[in-house]
Amino acid sequence: AGERPGFIDDVFAALAAVVAERGAGQRYFEVTANAQFTNVFVAVDDATAAIAYAFVDGELQPPAPKQTGAEGATFAAADVVYDPALVLSGVTGDLPNSQVDAISVYGDGVGATYVLAATSEVGGFLDIVVGPEGQVLSVDPV
């Protein structure tokens, strides 16, 4: 299926950088990685606020100001268990002419959910929920 984009691995590197900066035990609302950068939204204040970090070119940038009013399920870094070598396999097998533009990890109440943002060969945009080994669980046009 070809080489995977580097941003697939950046999720793990960005989470490690946040742990190095803030310490272990962090909870996250979301991590989204694309070719330009990775955003990490750290849940703080009992998951009622978020602090956003950008991870750019292998470096964690200073945090954005705390955003209050956050809500939603969170996850721990240990919940991110997708296999970088396989996470795209279902999409590349089922939609070989589509391009994966980003990966997002969201809390789902019991762990993490993985969503691939893809551009179809005819120009449409898709959100594709995949399992940790790339199995396609759902596809939604955006």
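This is a predicted model: local features need pLDDT of at least 70, side-chain atom pairs count only at pLDDT 80 or more; totals for chains, interfaces and linings use all residues.
**Entry 1: the β2–β3 loop**

I started at A47, which sits in the loop between β2 and β3. Strands here are DSSP runs of E with at least two residues, helices are runs of H or I with at least four residues, and both are numbered from the N terminus. Residues are numbered from 1 along each chain as its sequence is written, and side-chain values use heavy atoms, with hydrogens and water left out.

I looked up the backbone of A47 and found a positive phi of about 60 degrees, although A47 is not a glycine. D46 is in the loop between β2 (38-44) and β3 (49-56) too, and its phi is near 55 degrees, again positive in a residue other than glycine. I flagged these angles because most residues other than glycine have a negative phi.

Next I checked accessibility, with buried meaning under 20% relative accessible area, exposed over 50% and partly exposed in between (1.4 Å probe, protein chains only). D46 is exposed at 80%, and A47 is partly exposed at 26%.

**Entry 2: aromatic rings**

I searched the whole structure for aromatic pairs and got three. Rings of Phe, Tyr and Trp (its six-membered ring) pair if their centres lie within 6.5 Å; planes under 30 degrees apart are stacked, over 60 edge-to-face and the rest tilted.

F12 and Y82 make a tilted pair, 4.8 Å centre to centre with 50 degrees between the planes. F12 is in helix α1 (residues 7-22) and Y82 in the loop between β6 (75-76) and α2 (89-94), 70 residues apart. F12 is partly exposed at 27%, whereas Y82 is buried at 2%.

Y82 also pairs with Y114, edge-to-face, at 5.2 Å and 75 degrees. Y114 lies in strand β8 (residues 112-119), so this pair ties together parts 32 residues apart in sequence. Both tyrosines, Y82 and Y114, are buried. I noted F12, Y82 and Y114 as a cluster linked by ring pairs.

**Entry 3: helix α1**

I went back to α1 for its span. The helix has 16 residues and reaches 22 Å from first C-alpha to last, close to the expected 22 Å, which is 1.5 Å times one less than its number of residues.

Which residues of α1 are buried? I listed F7, I8, V11, A14, L15, A17 and V18. They pack against β1 (27-34), β2, β3, β4 (59-60) and β7 (99-107), with contact meaning heavy atoms within 4.5 Å. Just after α1, I found G23 with a positive phi of about 100 degrees.
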